[in-house]
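Dear colleague,

Please find the structure below, followed by a short account of what was found in it.

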Amino acid sequence: MADEKTFEQKPRAIKPMRGGRGMPVPKGMIKKGTLGRLLKTAFKYYPWQIVIVIVCILISSSGSLISSLFMNTLIDTIIPKGIAQGFEAAAWDLTALILLMGGMYGIVVLATFFYNRLMATITQGLLYRLRTEMFAKMQTLPIKYFDTHAHGEIMSTYTNDTDATRQLIGQSIPSLLSNVLTLVISICVMLTFSFWLSLVVAVSTVLMFFVVKKIGGRSAKYMIAQQTSLAKEEGFVEEMIKGQKVVKVFTHEDEAKEKFDEYNEKLFSDSKKAHIFGNVLGPIIGNIGNFNYVFLTIFGGLFMLTGWTNYGFNNVFVGGGLVTVGVIVPFLGMSRNFSMIINQISQQVSMIAMGLAGASRVFTLMDETPETDDGYVTLVNAKEVDGILTETEERTGVWAWKHYHKADDTTTYTRLRGDIVMDMVDFGYVPEKQVLTDVTLYAKPGQKIAFVGATGAGKTTITNLINRFYDIADGKIRYDGINVNKIKKADLRRSLGIVLQDVNLFTGTVMENIRYGRLDATDEECIEAARLANADDFIRRLPNGYETMLTGNGANLSQGQRQLLSIARAAVADAPAMILDEATSSIDTRTEALVTDGMDKLMKGRSVFVIAHRLSTVRNSDAIMVLEKGRIIERGTHEQLIEQKGTYYQLYTGAFELE
Amino acid sequence: MVKTLLKSVREYKKPAIVTPILMAVEAFCECLIPFFMSQMINESALTGDGAMTHILTYAAILLCLAAVSMTAGGLAGKFAATASCGFAKNLRHDMFYRVQKFSFGNVDKFSSSSLVTRMTTDVTNVQQAFQMCLRIAIRVPLQFIFAIAMSFVINPNLAWIFVCVVPVLGVLIFLIVRYAMPLFKKIFKKYDALNNSVQENVSGIRVVKSFVREKHETEKFEKAADDVRKDFTKAEKILALNAPMMTLFINLAVLIISFFGAKLIMDNGAGGDFVPTELSALITYGVQILSALMMFSMVFVMISMSLESGRRIAEVLEEESDVVSPENGKTEVADGSICFKDVSFKYSAAAKAYALQDVDLEIKSGETVGILGGTGSSKTTLIQLIPRLYDVTEGSVSVGGVDVREYDLDALRKEVSIVLQKNVLFSGTIKENLRWGDENATDEELERVCKLACADEFIKTFPDGYDTYIEQGGTNVSGGQKQRLCIARALLRKPKILILDDSTSAVDTRTDAMIRQAFKEEIPDTTKIIIAQRVASVEHADKILIMDGGKIVACGNHETLMQESDIYRETYEVQTKGKNSEGGEA
């Protein structure tokens, strides 16, 4: 078991582009049907609210039309009347019009207000549902998903992608809807007045679209480049800052700065270009609108002077009419409106693309295949009366597998002993690369089984299979004689307490973290568990004892202290069997001896699997398995293995190296 | 805070100043355009004689204005982009450079993920707010003033109506923002908590699954998500008042102006000096005032939101390193002797307990010193004082007979090489990683130190040998391999003092012994300090320190300690129990 390289042994995270903040939106990342699905989800939860919103948007976007009609009536009908017949004659007409307009504006304002408020409810409600659905779904995903996706990438779905979706639902879609409605209204009005003048507008519209495509396209291109450089710089910064202490120890600050400047310069150049193209778009589109206005007036004047026959919806059926001031003035107003809206839409294109890409990723996560669970054998508390096991509610310290047999409609109870058998098991994280071959092992109830072997030999893999984080390719695993595939995953895992080398603590008090092992444990039980794990001592010395808040994965504790806490957490769970995966690697040997004593007492009569590279940790095991390259090459007790004078013996005497 | 941030504008001052000026030009044109438009389609002119001349004259003026406006707007966009991106670049640069100056104490204060967020998300927020300021915050008030001025040019009597409406609106916007802002601040905190819970869940998913806590986690998350939803909805509902209210007031003003304007025209009769097109121009200005106000409130909200980001950035920029190199510090370290005199240390002034207390220690140059002690006995703290990663709270530490605070920092750290417990390899080849120790090292030198650290043997088995690429965090080499590479890297510095902080824990006894043997033979003049869990690692040291609770409780060589120190004897016995017949331990 010489020192062996371990490339590609574990499933490697696929890291397309580092996650974190500001994920890029590569083209083609928008899944088909995303918009439809989003709208459908929205309709499902807020059907009537959405109908009201649409009606309100209709009303509020007709506001501009109302204004232009108002001005038209005012200037064309009422003012001439007043000029001709004096103010008194037109006073009533004027007042009526103003009041009517006031009323209409009032309705528009109310509609806007209602739709803004409703949108707040809908957007936040929908986001809440997307988030929680996504999270609940994520809990059902197999470990493989987490092993093969960069955590930054998953996080980014909750932050950037959800934010982009919020923009899309809350702002882009409603304003696009309102813009399109106004646009349609404007086109209709323009066509009503004059086909010829509409043609002039059409020409400049084509020009605008051309500009949007050209400049907007380049802006989007650099926007993506910017996101990529940002992700790269972020990756570099993260690596450097995580290793900041090493940088300092090696006085490597200047080299780090130099390299940083390279990344920073690239990011600057990309983001500058992206922003320039984005910023320039607005003034260009806006002024094409102004040019359009001027040319319209010139053409209008020409038509008027030459007595050109004008066609519009208002007169096409009566054979057309002349271009008059009454045609030109409202038309010009409408065309101004029109170009303003196009400008607004052009500013939104990139937001919508970003939002859709974000929503796509949210849906992708929701569509992941969950962990399958066909198990039906459940774990129950039991008590034994006259040699017969019966199910009971209370914790008795005795567990049983409740096994329903379909064939003869009977239920049997099998006492949980921790009798685990692996029979000719083959396994690989990816089909091409087998990690375990023909592994056969048996743990008799109450035994302490140890795995010894180099990194990548397959020790952790075996434990991953017992609790079914991964499913085997070939062979069988039996738990108390039951095929583990028949056991409900939740119950299988509940029967196994696990302490891992990498400790994960959660934000909350020390007490809450220990109680994570068993939610209904009393304070006394938690403290008892902490004592057993030898953690009580240091916990009491923390500023607030058991009520000390832990944040950032217990950042203010040492690695050894965190391991003690995680052992306490497993101890309070009081599981019938236990897996300790390098659980004491950061604890000094004296403390370890105390912890091991405590654990041995707790686990008396229960099965324990131990993985360790410190041989002193595993010496008192009932059976030691020596693994090499996915095979068990030796097994036996410490004495037997020493007797054999094989690999274990060489390891023990220091002739070989572990890890 | 704003002052600290603005220092980073530097070479982008010019575009930052030019942008608002160009924006002002654009705003000016945009105000004139509706005026000339109304002139161009002035009813009497359209129908009268020489209508075409009239139209063409104004068309020419308008085209010029539009061209000027487009150029100014486009250029302003360009300069604004340059200035804001440049500002962001400098902010990131300044922060990174500042972090490089940080002492260990400063690094401990900011978590690494928070520093990364500050350098990315927060800078992006400030960049956006800065660009907003340049482009809009100047332009909007100007547009606002121009629009009001033009209204007065058209008709002073009617324009007063706008002037009356504006203050009312201003107050209302102010109230809305003032009410909504604290809510948003609260939301951001809850939002952070929400993201944090996802983060914890994702990285702890094995724990979640093995304790079957999926439902518990989902409930926890739902509660946090619902908190965010409630507050966010509340805040957005308040902001929802903003737009309709402004529309309401401006429309009211427009209607009032329409009434009195129409009355004025009618009273004057035909040929009066106030004509209908001027009325519509006045109304256009009304709309411009409205949009200016809306923009203004938007900018206001956005800037207030980015203030928090700005504060977080300034916090880094203003953080003073608590370990600074003295001016004209000594650059020569005489030898590898170390002396601790009455040293006490605590990590922060506020901490109640001392991490180290009353430590006196004398180490001669070239000695090998072992340190043993339980979890949390401050072994690491002790050795970190030697290369001045932290400064002592009381007493003094000297190296080569001189107080460490009198050395130039770089010079001191070059001579005191430390292999940290939480060591890191960086992405790059093995060679690149090793050359951290000495940039100019030749391949032969690299090989030599790797042989010393027993790393050469496994590096040679890699297909790419010394050019093997190490992944970020060194995930593709085993723990033992990583430790040996780190030792080799430290050896390359040829230090006068070499410190190994539990650096061979994943290396087997045999290799461990070989490394120690190599140290003894190859670098006899270097002072070697070894922190270890294994007695075997320090057994043969000249001096062994036993630490407990921040104090040195025993000191001596193996033989004396076996007699005098219970802790040492106990540890020794636990580790060697029953195996003396077979030999060492792995």
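Strands E3 and E4 of chain A form a hairpin with two residues between them; A:Asp386, in the turn, has a positive phi of about 50°. Here helices (H or I, at least four residues) and strands (E, at least two) are DSSP runs, numbered from the N terminus. E3(A) (residues 378-385) and E4(A) (residues 388-391) run antiparallel and are joined by four bridges; two strands count as paired if DSSP finds at least two bridges between them. A:Val385 has A:Ile388 of E4(A) as its bridge partner.

This is a predicted model, in which local features need pLDDT of at least 70 and side-chain atom pairs count only at pLDDT 80 or more, while totals for chains, interfaces and linings use all residues. Residues are numbered from 1 along each chain as its sequence is written, and chains are lettered from A and ligands numbered from 1 in the order in which they are written.

Chain A also contains an open sheet of six strands, in the order E12-E15-E16-E9-E17-E18, with mixed pairing. Its edge strands are E12 (496-499) and E18 (631-636) of chain A. Within the sheet, E9(A) (residues 448-453) runs parallel to E17(A) (residues 623-628), with five bridges between them; A:Phe451 stands opposite A:Met625 of E17(A).

Between the chains, 131 residues of chain A are in contact with 132 residues of chain B (contact: C-beta atoms, placed from the backbone, within 7 Å). Helix H9 (residues 253-306) of chain A gives the most to chain A's side, with 26 residues.

Yours sincerely

Technical notes:
Contact = placed C-beta atoms within 7 Å.
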